[in-house]
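Dear colleague,

Please find below the structure that I am handing over to you. My notes on it follow directly after.

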Amino acid sequence: MMKSPAFSQVVTTSGNGKTIYIGGQNSVNEKGEIIGKGDIAAQTEQVMLNIEKALAAAGATFKDVIKMNIYITQGQDVRKGFEASQKYLGSNENPPIITALFVAGMGNPDFLLEVEAIAFVGE
């Protein structure tokens, strides 16, 4: 299988530890405000900040993320979102496996993407 700098093809976990499931995150900040209306890069930044906070609350970091599902509204430039995410994922020696899908829309029409993640922290 080809080696991608952006994602892994296979991830395994073993041994004792905890699995962390992070529900779909969008670009809402702690005040409930939508950040980056109309800007996929700004929304990606906020989504990644939200995931980073959720990971920290569970005692994990982006290096512990093993799987991400990314939902992007049709018509968005996925490259801009990818570039914004590299601040968080770019230094991972073993990046997570990633599934990315284009969708017709989100629950709120101002949201351009939603990301859910799974992390594993070994004991």
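The side chains of K53 and E30 form a salt bridge, with 3.2 Å from N to O. The two residues are 23 apart and join distant parts of the chain, K53 belonging to helix α1 and E30 to the loop between β1 and α1. By the rule applied (a side-chain nitrogen of Lys or Arg within 4 Å of a carboxyl oxygen of Asp or Glu), the count is four salt bridges. Helices (H or I, at least four residues) and strands (E, at least two) are DSSP runs, numbered from the N terminus.

Please note that this is a predicted model, in which local features need pLDDT of at least 70 and side-chain atom pairs count only at pLDDT 80 or more, while totals for chains, interfaces and linings use all residues. Residues are numbered from 1 along each chain as its sequence is written, and side-chain values use heavy atoms, with hydrogens and water left out.

The loop between β1 and α1 also holds G36. Apart from its neighbours within four places in sequence, G36 is in contact (heavy atoms within 4.5 Å) with A42 and Q43. The C-alpha atoms of G36 and D110 are 8.9 Å apart, although 74 residues separate the two along the chain.

Turning to the sheet, four strands make up an open, mixed arrangement in the order β1-β4-β2-β3; two strands pair if DSSP finds at least two bridges between them. β1 (17–25) and β3 are the edge strands, each with a single partner, so one side of each has no neighbour in the sheet. From one strand to the next, the twist averages 5°. β2 and β3 run parallel and are joined by seven bridges; N69 has T99 in β3 as its bridge partner. Helix α1 lies across β1, β2 and β4, at about 30° to β4; axes are lines fitted to C-alpha atoms, for helices over the stretch in contact, and angles run from 0 to 180 degrees between N-to-C directions.

Finally, the pockets. A pocket is an open set of points on a 1 Å grid over the protein atoms alone, where a 1.4 Å probe fits, with protein on both sides within 12 Å along at least five of seven lines; lining residues have an atom within 4 Å of a point. Grid points are joined across faces, edges and corners, and a volume is the space filled by probe spheres set on the points.

The largest pocket has a volume of about 290 Å³. Its lining comprises 18 residues, with I70, V78, G81, F82 and S85 nearest the centre. The greatest contribution to this lining comes from α2, with six residues. The second largest pocket has a volume of about 170 Å³, and the residues lining it include S8, K63, E93 and P96.

Yours sincerely
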